[in-house]
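Here is a quick walk through this assembly, chain by chain and contact by contact. Have the structure open while you read.

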Amino acid sequence: MMSLLLVLSLLWPLGVAMLVAWQVYRAPAGRHDYFSWWWLSAAWPALLLAYGGEVQWTIDVWMLGGEWELNTLTRPWLAFTALLWSLAAVHARGYFAAEQSQAQSGDQAVQRRLARLSLLWPLALLGNVMLIIAQDIASFYLGFALMTFAAYALVVHSGTDKARLGAKAYIILAIVGEGLILGGFLWSAGEADTLTLQGVRESILVAEHGAWMAALLCLGFGVKAGVIGLHVWLPLAHPVAPAPASAVLSGTMIKAGLLGWISVLPLGEAGMSAPLTQLGQVMLVAGLAAAFLAAFYGVFQHHPKAVLAYSSISQMGMLTALVAMGLVAPDAWSILWPGVVLFAAHHALAKGTLFMGTSISEHMPRWSLALIWPLLALPGISLAGAIGAGMVTKWAVKSPLYEMEHDTLIKLLSWAAVGTAALVSVALWRQWQQRQPGGSNGWQWGAWLVGISAALITPLWLPLPAESITMPPLKEWLGILWPLSVGIALVATGRLLLRFINTAAPPAGDLWWLYAGVIAAGLGPVKRINRGCSELKTACVVSCRQAERSLMDALTRMLEAENWMRHHVSGLMMALALLLAVLLIWEGQR
Amino acid sequence: MIAFFEAIAAFDVIEVLLALGLTGSALVCLFDRHLVRACYFFVFFAAAMTLAWWLLGAPWLAAAELGLGLGLTGPCFFYALGHVLPSASSSLERDTFSEPGSRVAMRVLLALAWFGMVGAAIRTVIADMAYSPLEHPLLLAGVVIAASALGAFALHRHLLRRLLAFNLLGSGVFMLLAGVAGTSAAAQAFISVGLVVAWLGTMLGALLIRRLLHLEGVEALGRDGNPKESAI
Amino acid sequence: MIWRFGLFDGTFEPLASTHWALVAALGLPLLLGMLAARLPPRQAWPVLLASVPVLASGLMLLSAYDQAGPLRWQWDIAGIQLSLRLNGLSVLMLLMTQVIGVAAALYTPGYLRLSEPGPLSRWLWPLMGVVLSTLSLIWLATDLLTLYAALELMGLAAVGMLMLSAKASALVAGMRYLLLALVGSLTYLLGVALILGHWGRLDLPGLAEVVEPGPVAWFAAALIGAGLALKAALFPLHAWLTPVHESAWTPVSALHAALVVKASLFILLQLWSILLPDAFYAPRVIAWLGMLAIVWGGLLAWRTDSLKTLVASSTVAQLGYLMVVFPLLLGPDVAPLSRALAWDGFWLQLIGHAFAKAAMFMAAGNLMLATGESTLKGVAGTSRRMPLSLLVLGVAAVTLMGLPPSAGFTAKWLLLDAMVRSQQWWAIAALLIGSLLTAAYVFRLFRYSFYESAPHHHYQPLAPGMDLIALTLALAAFALGLLAHFPLTLLHGGGA
Amino acid sequence: MNAAWLPLTTLLTSLLAAVVIFTLPENARRLRTSANLLAAVGKIILVGLMAVRVSAGHEDTFSFQIVGNVDFVLRADALGVMFAGLSSLLWLCTTVYAIGYLEGSANRKRFFGFFSLCVASTLGIALAGNLFTFLIFYEMLTLSTYPLVVHAGTQKALDAGRIYLRYTLSAGVVLLLGAVLLYALTGEHSFSSEAGLGNYLADHRGLLLLIFALLVGGLAVKAAMVPLHGWLPRAMVAPAPVSALLHAVAVVKAGAFGILRVIYDLYGIELSVELGVTTALAVMASITIIYGSLRALAQQELKPRLAFSTISQVSYVVLGVSLFGPFGTIGALAHLLHQGLMKVTLFFCAGNYAEELGVHRIDEMDGAGRRMPLTSLAFTIGALGMIGLPPLAGFITKWYLGVGAVQAQMYWVVAVLVASSSLNAMYFLPILHRLWFRTGPAHGQGQWPKEQRLGRLETHGWLLWPMVFTALASLGAGLLAGLPFSPLDWASRVAYGEYLP
């Protein structure tokens with residue numbers, strides 16, 4: 001029964017995709033509903049599965065031998081992923097209502113865009129679900145790649161130049177990531193001759209170059225997870241993507257990278273080798289750096305989605321740090337991981353809702369601002385850890401660290417929370433600046449509201465192991481609450497200070513421009529060399545042609561000798577006879 | 001040249017004269033540009049050959065030579081010249097083709113070398129031959145004729161003269177054959193076959209010469225390979 | 001080496017039927033030729049009918065050999081010993097001669113009908129008969145006199161055949177060929193004279209016993225070698241060959257290039273193996289000339305514009321392959337294994353080339369007949385309109401190139417194997433370069449034939465079967481490659 | 001028991017087909033088609049039969065003596081049957097495709113005749129039981145491909161044919177020399193002999209190396225390894241089915257297969273490793289892989305880009321061969337089949353674009369996905385497979401190659417694989433982007449170069465279905481690689497037979 005549901009949760013999105021394709025190919029483009037109920041339901045079986053309980057299934061004919069299972073770790077993961085996907089889908093129905101009507105009025109370009117989106121959306125979902133339930137490398141890699149490449153359509157949807165740029169950055173980095181992941185998998189799996197993620201973990205743990213394999217994989221997944229340095233696609237892709245797309249992108253897809261780490265790194269294993277620990281420390285530093293720098297850079301952004309993207313980077317930085325703890329302090333992991341999962345889930349929902357919120361603020365329903373803005377702010381505040389699930393999350397990660405006396409890290413995380421608060425407030429303020437009334441849609445805000453509530457009560461519905469999550473005791477509240485106020489205060493003061501100096505926003509996607517410049521500079525010589533080679537080749541060809549021609553002429557002249565021979569046959573015969581005679585005599589005399 | 005000295009010692013007048021006559025007529029016939037005279041000398045040469053065979057005690061060969069050489073081959077030449085049953089095309093008088101000196105020199109050298117080789121060969125054979133019914137001057141003449149005929153054959157371009165040269169070469173070879181192998185049945189068989197072949201060849205050649213004269217004119221006889229081939 | 005030619009007394013007496021078969025094999029072609037001269041056949045079927053007994057005689061001889069091993073005939077006429085022998089080699093050659101001869105004869109009526117040949121055409125038949133008979137005689141004869149007579153007759157008849165087209169160029173070339181052939185045979189005769197004078201006997205087996213190396217043998221070998229090399233168109237003396245084929249009739253060229261030239265080579269090898277049992281340099285000289293021949297012939301064929309010249313020049317090159325083998329066959333201290341391989345390779349190459357070359361001449365003749373063109377450019381675009389002739393050409397060419405699966409390939413394989421074993425790297429290089437050159441000129445021809453943008457001239461339809469005959473020959477050459485085992489066993493049966 | 005007739009009949013099916021086609025008149029289209037299909041299907045059945053018998057442990061052998069120490073041997077062993085299966089399967093597809101492709105064009109008789117010959121020789125190569133037999137069919141392949149390459153009869157085509165011959169015939173000569181040397185050294189040496197040449201190692205090391213160099217050098221030309229690849233891109237002028245067959249199955253694979261035979265069945269893998277030739281081979285293959293990808297990146301036309309990608313992909317096989325260990329071998333063998341399927345799909349698609357829309361250049365392909373969805377889908381599958389993304393066939397082989405490399409301690413090979421994958425992505429993804437995400441004539445912007453509506457569907461059915469089939473096959477080969485008798489399964493069977501005898 002459960003395994004049937006498992007298969008269904010995979011086949012359903014596929015079926016939906018095929019259905020869409022069939023409609024697009026067959027039905028008259030004029031009147032069909034791109035976001036039908038079928039489409040909305042793509043993620044529901046997965047959601048059902050997540051609450052169905054744990055399940056394991058092995059299929060031998062599947063690629064290199066498939067092994068799918070839903071365990072304590074992946075169940076909550078699947079739960080929040082599926083939930084966010086369904087919410088985003090519903091939201092999308094509202095969000096694209098306008099385009100839908102345009103399409104039905106026969107606008108070809110829009111039809112194309114919608115068809116593309118509605119076709120690839122379920123596929124991306126499929127990939128996401130598969131990589132969560134996959135326990136064998138092939139399926140995991142398949143899911144990851146499928147999600148990555150299908151999401152391209154989500155990013156590039158609007159088709160504007162900025163969208164193209166964002167999509168370009170996205171796909172390039174994605175390819176780099178895929179390459180790194182493939183290399184890492186091949187290496188680690190080759191060493192241990194295994195086909196499962198479990199085997200990879202063990203092989204990394206024991207292999208002599210384990211740290212390097214781990215590093216490869218970390219970087220590969222880090223592209224998705226927005227590790228500092230590889231994060232540049234987020235701020236470029238998010239602002240241009242449609243709100244629901246951004247919601248899933250930064251809600252679930254970047255979490256896929258995180259899941260990748262968790263499932264390939266030997267977190268919390270005993271007998272961690274020194275290089276691995278060092279790798280953990282490096283990750284830790286990188287994560288914290290991301291957390292702070294992203295916050296600092298993000299507050300200066302103008303586009304609210306860019307700001308939110310940076311906040312995602314900073315949040316993922318914190319998660320990176322937490323995962324790194326699994327390498328640095330293995331024994332902490334067993335109690336730390338529920339916190340991490342909760343963090344991920346809560347961030348997914350909250351961030352998703354925030355992104356949906358951007359679309360709300362652009363098409364405000366006819367409610368009083370006093371109602372809308374607090375609603376918009378709620379997930380942000382929760383993200384900063386002030387209320388609801390946020391507090392629980394903070395506590396869930398802090399308490400294990402307390403027990404292990406990692407006070408510095410706790411402090412740093414709190415300060416990072418300040419950054420979060422600042423980012424959220426900036427985002428809200430930018431939304432306020434760019435708010436537009438009208439054009440709202442029931443599906444749109446419906447999904448949004450559900451999202452908000454879901455985000456706020458995340459711990460209640462997330463199927464985590466029992467007693468792994470507790471409410472923070474009252475004395476801790478202060479330690480959890482202060483970053484929010486500090487953050488807001490910081491933003492306010494900064495705003496006051498900078499009011500008179502008109503600052504141009506630094507470009508979104510900070511390092512991207514650096515990379516682009518470097519690569520362009522690098523390509524110059526390559527192009528020159530290339531041109532030189534081609535010129536050289538043509539020169540060679542020409543000279544060879546000439547040589548051949550002259551050779552042929554020489555040959556023809558030489559062949560004139562044939563006539564000479566013809567005139568001297570008898571003489572030659574006499575000569576031959578003489579030659580033979582002389583040779584024979586001479587040989588005979590010797 | 002021991003063979004030669006022995007010949008002097010033996011001093012058989014008739015045979016020496018015969019040998020000289022044969023050689024002389026052969027040389028004239030080979031190197032005279034005046035074709036008609038050359039042909040006459042060929043007839044004389046054939047007659048001398050007949051005599052020679054007779055003297056060598058090979059009457060059968062003598063008869064063959066008389067019939068084939070004198071009776072049939074000679075007329076072939078005159079037919080080629082266009083004297084007997086003259087046809088539309090003109091009759092031949094002189095060979096007007098001139099070979100470059102280098103070619104001449106080379107041919108002379110080759111002929112001399114050839115002469116030396118054949119002479120040496122014959123000597124090696126004779127040296128251990130117990131008894132030869134033939135005195136050596138004729139043998140010597142044979143060597144000379146063979147060598148010079150081959151040289152002439154290689155030298156000339158006029159087809160008729162090459163044909164003549166071939167015939168003389170044949171006779172020279174037959175003489176050598178008879179000289180080394182005696183007039184055994186085998187030798188006679190060889191020679192008569194050779195005579196028949198020579199006659200057939202000559203007849204064919206003469207026909208061809210007339211035909212070529214008819215088709216292309218005299219220069220065809222000197223042309224060795226048609227211009228088209230020089231493209232190859 | 002001598003036993004390979006079967007120059008020894010046979011164990012059994014030939015049966016009466018074998019006698020008749022012999023007579024038929026030697027005489028029938030001549031008779032049929034005469035008959036055909038009286039009433040020339042217009043169709044192919046009478047020729048087919050007439051050729052049945054000929055082939056039958058050949059097969060009978062084959063079976064006789066199979067049962068009784070090598071056979072000998074001897075006659076003593078007026079103190080002259082004439083003798084024939086029948087061993088595997090000669091049977092093989094005989095069969096080859098008959099098959100190719102029959103093919104040529106079958107091809108002739110159609111050819112004559114399509115190309116208005118003029119009055120001389122009826123002479124073709126008797127001459128062909130003479131050539132075939134004398135060839136059969138040459139393969140069988142084992143005394144110098146018979147060899148000489150047969151060689152002479154064959155030469156004269158061949159000249160006659162080649163000149164039948166009666167164009168001026170044909171006459172010039174033929175005249176040259178005539179004179180050179182006659183002179184060559186006289187040189188040969190001179191050598192024979194030395195042998196006769198020194199050892200006083202003509203039968204090869206006898207000679208094989210008495211001959212000991214010495215000046216006489218050397219001079220004789222030199223003279224005979226030079227004379228026969230001229231007749232066999234070996235490299236420096238080959239130049240008369242191409243113009244002769246240039247303007248001859250197709251079946252004639254086929255016969256000549258396939259068989260007549262080979263006869264002189266056969267005699268040359270046979271006599272040298274008696275006279276020079278272990279000379280080092282003379283065979284080497286031939287081999288070096290052979291390498292030159294391969295390259296030279298290849299270049300000639302590559303650069304030429306005329307179809308027939310291409311085919312003829314390739315004959316020169318292919319003869320080069322045979323010349324290169326001489327050191328392995330005659331040279332001293334060659335390992336028996338590599339000598340055996342070389343022996344097989346030599347004859348396989350010879351036979352394969354004979355078939356292929358005949359087929360190629362016929363195919364080329366068909367193309368020229370149909371297009372009315374004699375140049376390579378003339379056949380441009382034929383691939384579409386007469387694919388079959390082209391296919392024949394291709395199959396034959398595969399044999400010449402020595403690409404598998406063809407007699408040429410197997411032969412080349414054997415030769416290469418022998419050469420590797422006896423470390424003759426130069427010869428190997430020559431062989432490989434030769435096959436590349438062959439490919440070069442063959443595909444030059446095909447390249448033209450594949451032109452699609454070729455001018456469309458009206459094509460004369462061919463007589464039925466003209467292509468099929470050629471195809472049969474080509475396929476025979478092909479099959480010899482894979483089924484080489486049978487002929488080679490015949491060769492080994494030489495009495496070892 | 002030994003069913004000697006089986007390999008022989010399998011070989012004869014297509015030979016007979018060739019003969020029949022040559023004898024049929026040019027305009028007997030129906031008969032020719034039915035003969036073609038009949039032969040193709042029959043061959044598939046026979047090959048299937050062989051596969052069954054091989055897996056049952058029989059090795060059907062047909063042989064007779066040619067000359068002294070040389071035999072003609074056809075043997076149906078696992079490796080051979082694998083290649084035979086590939087060629088016969090793709091022959092069917094390609095034949096069907098070609099029938100549609102050459103609809104109404106000239107010289108179809110010639111084309112199909114030589115086409116069948118070409119496949120016959122490929123099959124012969126597959127079943128050849130010793131080097132001599134292999135050589136026979138190898139050269140036959142060269143000859144029978146030439147008319148196909150120059151089929152168009154244009155100046156360009158003829159020049160391409162000349163280049164092709166220059167390369168292949170010279171290679172053939174080199175190969176012949178090597179073979180003769182080997183025979184002179186060892187005498188008759190069948191592929192099936194377990195011994196290998198190990199016992200000659202002691203006193204003929206140099207000679208063995210020389211022979212290896214000659215053999216592999218000769219084969220590498222057909223396998224289009226750099227720097228002997230020059231003929232392949234030029235041969236692109238041939239009609240699409242030909243280039244499909246040339247590049248996917250017949251010619252290049254014949255070369256790669258030959259190298260397989262030489263290393264596994266002639267020298268034996270241990271000896272090769274001991275001679276140290278495998279490392280050299282691996283380096284050459286890696287260079288080829290990278291170089292081919294780079295050149296492909298620079299191409300502006302579709303078919304040349306595919307050609308260069310072939311150059312790089314075929315060397316995967318060689319690379320896998322040169323990795324000591326079962327995984328590398330499995331990767332190589334599986335890639336032999338997978339690459340065939342994927343590449344043939346890609347070429348079919350290219351042909352369809354050219355036929356239906358007249359599209360030859362890559363920048364003309366904008367938005368073709370809307371006009372020809374199935375073709376573009378197939379193209380996408382093929383391209384992603386080439387990149388090596390799961391669940392396509394390419395991923396499987398890449399995986400095995402990588403693992404094999406790691407287990408052979410050649411870590412740099414993994415780097416090569418990753419690099420080439422990303423390069424593949426770099427030259428295939430833009431095409432896919434153009435197909436699906438750009439707007440083009442299909443959206444009313446501009447015109448197709450030469451559009452013709454060949455069929456009720458997006459194009460002629462004969463052109464469509466083979467492509468769909470191969471695309472599905474290359475999807476299935478990866479997705480269900482675990483099935484028995486899947487390429488992977490068969491490859492592992494061969495490989496384990498090789499390593500654990």
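## The nonpolar core

A nonpolar core here is a set of buried Ala, Val, Leu, Ile, Met, Phe, Trp, Tyr and Cys residues joined through C-beta atoms within 7 Å. Keep in mind that this is a predicted model. The largest such core has 751 residues. Helix α14 of chain C (residues 336–371) supplies the largest share of this core, 23 residues.

Which residues have the most contacts inside this core? They are Val131(C), Ile138(C), Ala221(C), Ala358(C), Ala359(C) and Ala396(C). Take Val131(C): leaving out residues up to four places away in sequence, it touches Met154(C), Ala157(C), Ala158(C), Met161(C), Leu255(C) and Val260(C).

## A helix pair in chain C

Now for a look at one packed pair. Helix α1(C), residues 16–38, and helix α2(C), residues 44–68, have axes that come within 9 Å and cross at roughly 150°. The crossing of α1(C) past α2(C) is left-handed.

On the α1(C) side, the contact includes Ala21(C), Leu22(C), Leu28(C), Pro29(C) and Leu32(C). On the α2(C) side, Val54(C), Gly58(C), Met60(C) and Leu61(C) are among the residues involved. Sorted by class, the contact has 13 nonpolar residues, four polar ones and no charged ones.

## Where B meets C

Five pairs of chains are in contact, and chains B and C share the most contacts of them. In residue terms, 36 from chain C are in contact with 39 from chain B. On the chain C side, α5 (144–162), α6 (168–199) and α8 (215–231) each supply at least two residues, and α6(C) gives the largest share, 19 residues. That side of chain C has 27 nonpolar, seven polar and two charged residues.

How far apart are the closest C-alpha atoms of chain B and chain D? They lie 23 Å apart, and no contact joins these two chains.

## Chains B and D on their own

Chain B has nine helices and zero strands. Of its 232 residues, 52% count as buried. Looking at contacts in chain B with a separation of 6 or more, 74% are between residues 24 or more positions apart.

Chain D has 19 helices and two strands. Its radius of gyration is 21 Å, close to the 23 Å that the globule rule gives for 501 residues, so chain D is as compact as a globular protein of that length. Its C-alpha atoms fill a box of roughly 75 × 55 × 45 Å along the principal axes. Buried residues make up 66% of the 501 in chain D, and residues 24 or more positions apart account for 80% of its contacts with a separation of 6 or more.

Two Pro-Pro bonds deserve a glance. The peptide bond from Pro404(C) to Pro405(C) is cis, with omega near -10°, and Pro405(C) sits in the loop between α16 (387–401) and α17 (407–421) of chain C. In chain D, a cis peptide bond joins Pro390(D) and Pro391(D), with omega about 0°. Pro391(D) belongs to the loop between α15 (373–387) and α16 (393–407) of chain D.

Then there are the positive phi values. Asp193(A), not a glycine, has phi near 50°, and its place is the loop between α8 (161–192) and α9 (197–206) of chain A. Is Asp193(A) buried or exposed? Asp193(A) counts as exposed because it has 12 C-beta neighbours inside 10 Å, and 12 or fewer is the cut-off for exposed. Asp333(C) also has a positive phi, about 35°, and lies in the loop between α13 (326–330) and α14 of chain C. With 7 other C-beta atoms within 10 Å, Asp333(C) is exposed.

Technical notes. Residues numbered from 1 in each chain as written. Chains lettered and ligands numbered in written order. Predicted model: local features only at pLDDT ≥ 70, side-chain atom pairs only at ≥ 80, totals over all residues. Helix = DSSP H or I, 4+ residues; strand = E, 2+ residues; numbered from the N terminus. Rg over C-alpha atoms; globule rule 2.2 N^0.38 Å. Buried ≥ 20, exposed ≤ 12 C-beta atoms within 10 Å, placed from the backbone. Contact = placed C-beta atoms within 7 Å. Axes fitted to C-alpha atoms, helices over the stretch in contact; angles between N-to-C directions. Left-handed = near helix turned anticlockwise from the far one by under 90°. Nonpolar A, V, L, I, M, F, W, Y, C, P; charged D, E, K, R; others polar.
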